[in-house]
Structures are given as structure tokens and as C-alpha cells.
Amino acid sequence: MPPVATSEKGSEPSLPQATFRFRCIGCAAVNSTAGQDFRCPQCGNLLEITDSSWNSHNPAALKSLWRERRTLNAALDLSGVWRFRELLPAPASEQQVVTLREGNTPLYDLPQSSRSTGVAQLYGKHQGLNPTGSFKDTGMTVAATFARQAGYRWVACASTGNTSASMAAYAARGGMRSLVLVPEGKISWSKLSQALDCGALTCQLRTDFDGCLGLLQQLVRRAPVYQLNSINPFRLEGQKTLAFELMEQLEWQPPDHIIVPGGNLGNCSAIGKALLEMLEVGLIPRLPKLSVIQAEGANALVRTLREAGGKRLVSVQAETRATAIRIGNPASWEKAVKVLQATGGACEQVSEVEIAQAKAEIGAEGIGCEPASAVTLAGLRKLLHQDFVKPEETVVLVLTGSLLKDPDFTMEFHRGDLFQSSIDEKEGAKLNEFRHPPVVLDATLDAVIKTLEQAEKSDPNHSNA
Ligand code: F0G
């Protein structure tokens, strides 16, 4: 049964009435139901969710209601997603909601990166501190809720790892079974192990992410499985809350720039949608520029904008060690083009060496992140160089995943094995500044003290502020 936008009238006073509809991003046709593939029955383009009730809210009342909920103990209020339910599609009843208390993630200042980039007001919104370690949880709570409400037994996704980890967890919590399609050998063990532990039926397919997603599109037409990729517009609704929460943390004063990694391009689309909706409701006075950064080896959006003016997708054969964004045929490219244009953001690409260095720098801030998240700091450097970002502006980097998501990358980097002979000497020397390989010693006090003294000598100016 496809998801239906209805609610049991009056049964749940704590939830708004469900009045949302599905709107095609291409021909703007509006429908109250969506098919299994979440595509427009008229023109085949992707759907987004719209709700006429969202505009009727008083912004000051919303701000105080959302803040007050942080002090309450109901599951819906403890979730950093459902706390913002006035601007989300409403489920029929609270009992349908599948939540792991996602969202409510910290906004960190980044003092060392501030100094090295010259951007005094530089922040990291760390979505890696979600229950399964990535931003996917904010979208999954909403999409899993609607899957359960529609009565599905099976949910499914294609994934570079984080979506599958998140989906497996939310399916398990919601009493549903999950089917994971991942590219064999191209996702981190850490993410794969999460899916296994949460009981997903996990298929490692001999293809890449794009091949997995293509297969899933065929599967949903043949089997009664509900797709939880970001093609599913409920996912993007939940991911909007990153932007709501960020603005709340900044006292509703928008930053000048938000910088986000781009893979399948659902997340930037969700953040952009949230910004436009907040402007319309009157929650913020102006739009930040939303910029998307990709790995050079997985730069479909960069090429789509540069070579085709954003009018048609330029697909690529993706290759990058930032496996979360190893995607060559991004599903939400048109949504991404629209939000970049609406907010006046930029789209850039960064090299593997730049990603590795930026990841180590974020690690040195004491927070860490996974490689895909680090493209944001590397991209900021490029945007500063191009004068697109000015040092006096306020910048927020969206750190999408936890440091613990890709331990192999981190270990290889610190041991010096990540690039082997594929980089030049100058680049290698730069990276060495950030490496902290483990030291194997005899178990004597002398050996440890000597090592400590050497470490102090080699970095006497290390700042503790
Ligand atoms: N950062 C991380 C850590 C991710 O896992 C992803 C996407 C992205 C950024 C890019 O976000 O696709 O919305 O543009 N990971 C997906 C997955 C594709 O299957 O886990 P996007």
C-alpha cells in the first residue's frame, strides 16, 4: 500500500493534523498519494512534500514552543526531529513514531581551523553525534515512521554505508525487516557491521552504489518493499531539522555560509528546503548561502553545473576514499541545483589529499569526523581562495558522520599508508605534520619517558587554547 496523507482526526492532540501533499519538482503537479518509486506519475521527476499549514504559524510562537520542548520528557519532544513537528509531515498518531532520540546535535566552534583559515566565526554542526553516527538518523525517523504507518513489513535501501546502518536501526526499533544493498568491498566495515548487528538482510552486490540504487528502483516496482533512500521525500523532511536546529543554536541569526558534502545530494536539498521554508514562515530574516563540496573523483554535480549549466546530469564513474560520497549518478541532482540557485551557493571539488588533511585537522579539534564530512573544511579553503567566502563572514560546516565510521581510513592515514607512492613529496610533507602514528615500545618507564620528551621537543609550541 503506498503512503497516504491522512490522519485519524482528533486522536492525538500532541500532533498536528496531517495535511501534507506530494508535489513534483518538475511539473509541480500535486497529489495526496505517492507511488512506490516516489516519482511523478505525469513527468517522472522526483516528489517533494508540501503542506499549506506550514505557512500559517506565528514564528515567535514556534520559536518558544520548540525551545520549551527541550525541557520536556515525552519521546516526541526529546527527539531533535519531532521537536519541530509543526513544519514536518504529521503521522496519524504518536504510536506510529519510530524514534531513537535523534538530532539535538552540538554546534562546535573550531578554534584551530579558525586560526588556520582566518575565519573567526567558524562552526561545525556535528551530525555524527546522532544515534547511529550520521545525519541519516534525522531523516530515517520520519521515513521509518511513515513506512510503519503504511503497514510495510520490509524496508530497503541502497547505500554507501550510513543509510544502511541507520535504516537497519530504525527498522529494528519499528518492528520492520530491512534489506540492504551495498557495493561489495566499497563500504567501511564499521558501517557494514552496524547493519548486521541491527538484523538487516545485507546484500553486498558486485557493483557500485549507483548500480545498487538502480537495482532497488526495479525491486520496489516488483516487491512490497518500502524504499528508504533519499528519493523518499519523508527522509528529506526529517533532514530539514538540521537547519531548524542550527538556526535555533545561532539565536535565529543565519550564518553567511553553510557548507555541506554532496553525494546523492539529498542532504543539501533538505537543508535548502528548510532554509526556504524558514524564510517564508518568517523564522529567519535572510538566506545563508548553501554550498556543496564533492570529492574530485565523484564530482557529478560540479560537472553538471560547469558543463551543462545545471540543465542535465553529467554522470561520472565515481572513485574516492571518502566512500560515503562515492556516487556518480546522484538521484537528487535537480533538487540540489535548485537550492544552490535559490540560496546563491557555490559547488566545488576537493582532492583526496585535501580531504585527508582536513579530516586530520578536524580530528585535532578533538571532535573528528569521517572522510566525507571533511570535504567541507577542504572546500572552505577553496571558497576562501576564490573570495566567495570572506574571512569576516560566519561559516557553518556540516559534519555528516562520526570519526568512528571509517577507522581504516584513519589508521592508514596516521601510519602513512593512505596514499603510498601516489602523491608528491611536498604534499606528503604537509600531511606528515598531521600524522600521529602509534609507537611500539618496550614496556619500561624509561622508554615511555623518552618518547614523551621527544614528543614535547618536536612540538614545543603546541597550543592548549
Ligand atoms: N556524508 C556522509 C557521511 C554520508 O554518508 C553521505 C551519504 C553524504 C555525506 C552525502 O549526503 O547523499 O545526501 O548528498 N551517504 C549515503 C549513504 C549515500 O548511503 O549512506 P547526500
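How far is an oxygen atom of the ligand from a polar backbone atom of Gly266? In this predicted model, the answer is 3.2 Å.

How much of the ligand does the protein cover? On its own, the ligand has 480 Å² of accessible area, and the protein covers 98% of that. The space that the ligand takes up is the largest cavity.

Now for the neighbours. There are 20 residues around the ligand, and the ones that come nearest are Ser159, Asn162, Asn264, Leu265 and Thr400. Sorted by class, this shell has eleven polar residues, seven nonpolar ones and two charged ones. Two helices, α5 (162-173) and α10 (266-281), each supply at least two residues of the shell.

Side chains of opposite charge can pair when their charged atoms come close. The structure holds 21 salt bridges. One of them joins the side chains of Glu248 and Arg70, at 4.0 Å from N to O. Why is this pair worth a look? Glu248 sits in helix α9 (residues 241-249), while Arg70 sits in the loop between α1 (59-69) and α2 (75-78), so the pair ties together parts that are 178 residues apart in sequence.

Conventions
Residues are numbered from 1 along each chain as its sequence is written. This is a predicted model: local features need pLDDT of at least 70, side-chain atom pairs count only at pLDDT 80 or more; totals for chains, interfaces and linings use all residues. Side-chain values use heavy atoms; hydrogens and water are left out. A residue is near a molecule or strand if one of its heavy atoms lies within 4 Å of it. A polar contact is a pair of N or O atoms within 3.5 Å; within protein, one must be able to donate a hydrogen and the other to accept it, and residues adjacent in sequence count only if both atoms are side-chain atoms. Accessible areas come from the Shrake-Rupley method with a 1.4 Å probe; for residues, only the protein chains shown count as cover. On a 1 Å grid over the protein atoms alone, a cavity is a set of points where a 1.4 Å probe fits but cannot get out, and a pocket is an open set with protein on both sides within 12 Å along at least five of seven lines; lining residues have an atom within 4 Å of a point. A molecule sits in a cavity or pocket if more than half of its atoms lie within 2 Å of its grid points. Helices (H or I, at least four residues) and strands (E, at least two) are DSSP runs, numbered from the N terminus. Ala, Val, Leu, Ile, Met, Phe, Trp, Tyr, Cys and Pro count as nonpolar, Asp, Glu, Lys and Arg as charged, and the others, Gly among them, as polar.
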